[in-house]
Every structure is written in C-alpha cells, then in structure tokens.
Amino acid sequence: MRQAGRSLPEYRDLRTRHGMLEICRTPELAVEVTLQPIRRLGVDAAILFSDIVVPLQAMGVALEIRPGVGPVIEHPIRSDADVEGLLPLVPEEGVPYVLEAVRALASELEVPLIGFAGAPFTLASYLVEGGPSKNHSRTKALMYSEPQAWRRLMRRLADAVLAYLRAQVEAGAGAVQLFDSWVGELSADDYSTYVLPEVERILGGLADLGVPRIHFGVGSGELLGLMAQAGADVVGVDWRVPIDEGRKRVGDGYAVQGNLDPAACLAPWDVLEAKALDVLERGGGHAHVFNLGHGVLPATDPGSLERLVDLVHDWSPSRGGLGWTAEQSRGGLGRTAEQI
Ligand code: 1CP
C-alpha cells in the first residue's frame with residue numbers, strides 16, 4: 001500500500017529532480033522507485049510505482065498530480081456528453097511505459113510484483129469531483145440523477161481497467177490489486193446497484209489469468225461481503241474492522257489482507273509492536289496477508305517500517321507460516337486464495 005512514495009527519503013530526493021507523473025511515465029524511474037522499499041524494508045512483494053490516474057491520461061483526460069493535494073482534473077466529467085469524450089484504453093498504445101516498467105521489474109525482482117488499478121467508482125469520483133473530495137457529493141448526484149450517464153461512465157472505466165490489469169499481468173505482474181479506495185462512501189444497496197456489476201465484470205474478466213486478485217476499499221467494513229462476491233481472491237480490510245471480524249464478513253474461501261492502522265507506525269515501538277501482534281494473532285496465521293489498513297503516512301519513520309517487517313517475518317514461521325515468506329514467494333504469486 002503506497003509503500004515507496006510516502007515516507008522514504010530516497011523517494012523524496014528523486015522527487016526534487018522529477019515530477020510525479022514524469023516518474024510514472026519513465027520506466028527507469030518507475031522501476032527504481034518500485035525497488036526502493038524492497039531494498040530498504042525487505043517486504044515480500046513489490047507494488048508497482050504508478051498512480052490510479054495514469055491510465056485516465058491515456059483516455060484523453062487532462063490532469064495533474066499536485067503536491068500535497070493529489071490528482072486534479074482539468075475538465076471534470078459531469079454530463080453524458082463529457083462521458084462520450086472518454087477514449088477507450090489500448091494499453092500497449094496508451095500506457096506503453098507502464099508495461100515496460102512491469103516487464104523490467106518482473107525480470108529484476110526476486111519477490112512478486114503486484115500490479116494495480118483504481119476501480120471504476122474511485123476513478124469516477126476523481127473525474128466527476130475534479131479532484132480529492134470529502135463526501136463525493138457530485139459523484140453521488142450524477143449517479144442518482146443521471147443513471148444512464150453513470151452506467152456509461154462505469155462501463156467505459158471498467159473496460160479500461162480490465163484491459164489495463166490484463167496487460168499488466170501479461171507483462172509479468174504476479175498479482176493485481178483493485179483499489180476502490182472511496183467506495184466506503186456508499187451504502188450496500190447503492191454499491192450493489194451502481195457499482196458491483198462493473199467490478200464483477202473486471203474481476204471475472206481476470207479469472208483465466210490465474211493470479212490472485214486483491215480488492216480493497218477504505219472504510220468499506222459494511223461492504224466486505226459484497227466486495228468478496230464481486231470476484232476477489234483476497235479482500236483488503238482497513239483498520240476500522242478487526243481482521244478476524246473482517247474475515248467473518250468476507251466469508252469462507254477468501255484470504256484477507258491488512259489491517260494495521262497506518263497511524264500505529266507513528267507510535268513508539270512497544271505500542272506498534274503490540275498492535276502488529278494483535279493483527280497477526282487475529283489474522284490466525286492462515287489465508288492472511290499482513291499489511292497496513294491503508295497507505296503509509298508521510299511522517300512515518302522508515303526505521304519503524306523496517307522493524308515491523310522483521311517482526312512479521314519472525315512471527316510467521318513460528319506459527320507454521322502462511323506460505324508467503326520471501327523464500328516461498330520467489331516463484332511468483334501464481335496461487336489462489338485457497339492455496340495461500
Ligand atoms: O509505493 C507507492 O507509493 C505506490 C504507488 C502508488 C499507488 C499504489 C501511488 C503513488 N498512488 C497509488 C494509488 C492511489 N492513488 C490510490 C489508491 C490507493 C489508496 O487508496 O491509497 C489513490 C486513491 C490515489 C490518488 C492519489 N494520488 C492521492 C490521494 C488523494 C485523495 O483523494 O485523498 C494522492 C495524494 C496521489 C498522489 C500520489 N500517488 C502516489 C504518490 C507517491 C503520490 C504523492 C505525490 C508526490 O510524490 O508528489
């Protein structure tokens with residue numbers, strides 16, 4: 001979860017010389033930044049360095065990523081006519097630099113690479129709001145008042161996301177993560193009506209590739225069962241719901257990922273250690289991918305992250321392990337949730 005770009009001094013140093021989107025569009029730089037947390041922290045998988053808005057640019061959306069703010073869209077999408085202007089995504093033509101970075105990483109990394117994309121609701125929220133939003137009210141207003149435009153927008157985004165994730169796997173990603181970061185804003189009913197069918201289409205459309213599909217949203221405790229049913233192998237749980245409770249909500253046959261509060265990494269070591277051990281105990285030592293419940297916070301001391309990774313590694317084998325150690329995962333993550 002945003003393991004490189006938030007807290008590492010080596011990333012900040014590189015950012016003094018290169019823009020965020022420039023890094024995403026330059027394979028050598030994207031590769032370098034993806035490798036930084038692997039070198040420093042020794043985590044068991046790498047997450048591709050990019051951003052969820054990168055494919056939107058290739059769909060004809062003018063945008064920038066403003067430091068301290070996030071993605072800002074030049075002409076927000078607020079009508080059927082605006083939706084009409086979105087171009088289909090042909091990954092090899094629109095985002096060749098991402099696929100080049102994935103190919104280079106897949107051959108260089110000793111741990112699996114997780115490719116990713118933003119899910120249609122979260123992408124739509126940036127497109128409609130024009131940037132980060134607290135309550136996503138314009139997005140919901142479009143959803144409720146222009147259902148046809150909404151469906152068309154979701155369909156176009158889902159087509160693009162499916163093509164994008166398939167291309168990343170074909171280029172060598174060993175797992176994919178679909179970030180529906182802001183979907184926790186919706187009730188279960190609205191999620192089922194306005195979002196679920198397109199997410200199902202994306203996750204179902206990846207099934208034949210045989211890589212684990214991780215699905216995650218912030219504040220999505222009330223949606224966990226539905227997000228699993230959408231076709232995930234692994235469901236990410238943020239820190240608001242304990243991971244054992246999250247597992248119950250997700251249901252049998254899925255792995256869970258999470259769910260240490262990123263703010264715990266700002267705490268003194270004894271507090272962080274106790275919280276991490278609680279997550280590990282509740283995770284139960286099987287079908288659990290230890291992770292933070294959302295991205296690393298910028299003020300985090302990388303030293304705390306290093307100790308945290310060591311703690312998780314020391315803990316896992318003593319419980320019989322969950323088969324996700326660096327040694328075991330070298331061959332790639334070509335396993336299903338049951339095998340994990
Ligand atoms: O290791 C890494 O840092 C991973 C690379 C990564 C990923 C997986 C970045 C780099 N962004 C993302 C995904 C992303 N981007 C998500 C989904 C995951 C999540 O929920 O955390 C979302 C919602 C975004 C949108 C985004 N991009 C925001 C959030 C804005 C908001 O609405 O609150 C921000 C601040 C960005 C910019 C960004 N993306 C990534 C970095 C390192 C940054 C900071 C930009 C900089 O360095 O100037």
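**Reading a covered strand**

Analyst: This is a predicted model. Start with strand β5, which is covered on both faces. Ala-175, Gln-177 and Phe-179 are buried on one side. Val-176 and Leu-178 are buried on the other.

User: Why do the residues of a strand split into two sets?

Analyst: In a regular strand, side chains alternate between the two faces of the sheet. In β5, residues 175–179, five of the five residues are buried.

User: Which strands pair with β5, and in what sense?

Analyst: Strand β4 (residues 113–118) runs parallel to β5, joined by five bridges.

User: How do I check the length of a helix?

Analyst: An α-helix has 3.6 residues a turn. For length, compare the expected span with the distance between the end C-alpha atoms. Helix α10 (residues 147–170) has 24 residues and should span 34 Å at 1.5 Å a residue. Its end C-alpha atoms are 34 Å apart, so the two agree. After α10 comes Gly-172, with a positive phi near 125 degrees.

User: How many disulfides are there?

Analyst: A disulfide is a covalent bond between the sulfur atoms of two cysteines. The whole structure has zero.

User: Are Cys-24 and Cys-265 buried or exposed?

Analyst: Buried means under 20% relative accessible area. Cys-24 has 2%, so Cys-24 is buried. Cys-265 is also at 2% and therefore counts as buried.

Definitions and conventions
Residues are numbered from 1 along each chain as its sequence is written. This is a predicted model: local features need pLDDT of at least 70, side-chain atom pairs count only at pLDDT 80 or more; totals for chains, interfaces and linings use all residues. Side-chain values use heavy atoms; hydrogens and water are left out. A disulfide is a pair of cysteine sulfur atoms within 2.5 Å. Buried means under 20% relative accessible area, exposed over 50%, partly exposed in between (1.4 Å probe, protein chains only). Helices (H or I, at least four residues) and strands (E, at least two) are DSSP runs, numbered from the N terminus. The expected span of a helix is 1.5 Å times one less than its number of residues. Two strands pair if DSSP finds at least two bridges between them.
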